[in-house]
Amino acid sequence: MKHNVRGIILLALVLLGSIICTQYTVNMYFAERYEVSVMLSAVNLLLFPLAYMIYRRERGRE
């Protein structure tokens, strides 16, 4: 079970990006800036498949 440090760092950065997008989405929703809120939600939805692809690539290296 040797892990690649680059893969772990990439997953951590994607998670950080997801947390930031979620927080901004909630803030923009409460500020009634719905267009920005929908855009950030779409970015957040795109981050999940990216994280899954990184995870699958790292699992394949075991």
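1. Surface patch. Val5, Ile9, Leu10, Leu13, Leu16, Ile20 and Tyr24 make a nonpolar surface patch of about 640 Å². Patches here are built from residues with over 30% relative accessible area and no salt bridge, joining like charges within 9 Å and nonpolar side chains (Val, Leu, Ile, Met, Phe, Trp, Tyr) within 5 Å. A salt bridge, in turn, is a side-chain nitrogen of Lys or Arg within 4 Å of a carboxyl oxygen of Asp or Glu. The areas are Shrake-Rupley values with a 1.4 Å probe, and for residues only the protein chains shown count as cover.

2. Basis of the model. The model is predicted: local features need pLDDT of at least 70 and side-chain atom pairs count only at pLDDT 80 or more, while totals for chains, interfaces and linings use all residues. Residues are numbered from 1 along each chain as its sequence is written, and side-chain values use heavy atoms, with hydrogens and water left out.

3. Isoleucine 20. This member of the patch sits in helix 1, residues 5-30. Helices (H or I, at least four residues) and strands (E, at least two) are DSSP runs, numbered from the N terminus. Isoleucine 20 has a relative accessible area of 41% and is therefore partly exposed; the classes are buried under 20%, exposed over 50% and partly exposed in between, with a 1.4 Å probe and protein chains only.

4. Helix 1. The end C-alpha atoms of helix 1 are 38 Å apart, which agrees with the 38 Å that its 26 residues should span at 1.5 Å a residue. The expected span is 1.5 Å times one less than the number of residues. Gly7, Val14, Cys21, Thr25 and Met28 are the buried residues of helix 1, and they pack against helix 2. Contact means heavy atoms within 4.5 Å.

5. Helix 2. Helix 2 covers residues 34-60, 27 residues in total, and reaches 40 Å from its first C-alpha to its last, close to the 39 Å expected at 1.5 Å a residue. Ser37, Leu40, Asn44, Leu47, Ala51, Ile54 and Glu58 are buried in this helix. The buried residues of helix 2 pack against helix 1.

6. Serine 37. Among the buried residues of helix 2, serine 37 has 7% relative accessibility and so counts as buried. With its neighbours within four places in sequence left aside, serine 37 is in contact with Thr25, Met28 and Tyr29. The C-alpha atoms of serine 37 and serine 18 are separated by 14 Å, at 19 residues apart along the chain.

7. Alanine 42. Alanine 42 also belongs to helix 2. With a relative accessible area of 37%, alanine 42 is partly exposed. Its C-alpha atom is separated by 9.9 Å from that of threonine 25, 17 residues apart along the chain.

8. The loop. Glutamate 32 is found in the loop between helix 1 and helix 2. Its phi is near 60°, a positive value in a residue other than glycine. The relative accessible area of glutamate 32 is 58%, so this residue is exposed.

9. Aromatic pairs. Rings of Phe, Tyr and Trp (its six-membered ring) pair if their centres lie within 6.5 Å; planes under 30 degrees apart count as stacked, over 60 as edge-to-face and the rest as tilted. By this rule there are 2 aromatic pairs. Tyrosine 29 and phenylalanine 30 form an edge-to-face pair, 5.7 Å centre to centre with 70° between the planes. Tyrosine 29 and tyrosine 34 are also edge-to-face, at 5.6 Å centre to centre and 65° between the planes. Tyr29, Phe30 and Tyr34 form one aromatic cluster.

10. Tyrosine 29 is partly exposed at 46% relative accessibility, phenylalanine 30 is exposed with a relative accessible area of 65%, and tyrosine 34 is partly exposed at 42%. Tyrosine 34 lies in helix 2. The C-alpha atoms of tyrosine 34 and tyrosine 24, 10 residues apart along the chain, are separated by 11 Å; Tyr24 is one of the residues in the nonpolar patch.

11. Salt bridge. The structure holds 1 salt bridge. Glutamate 58 forms a salt bridge with arginine 57, and the closest N and O atoms are 3.9 Å apart. Glutamate 58 is buried, with a relative accessible area of 14%, whereas arginine 57 is partly exposed, with a relative accessible area of 36%.
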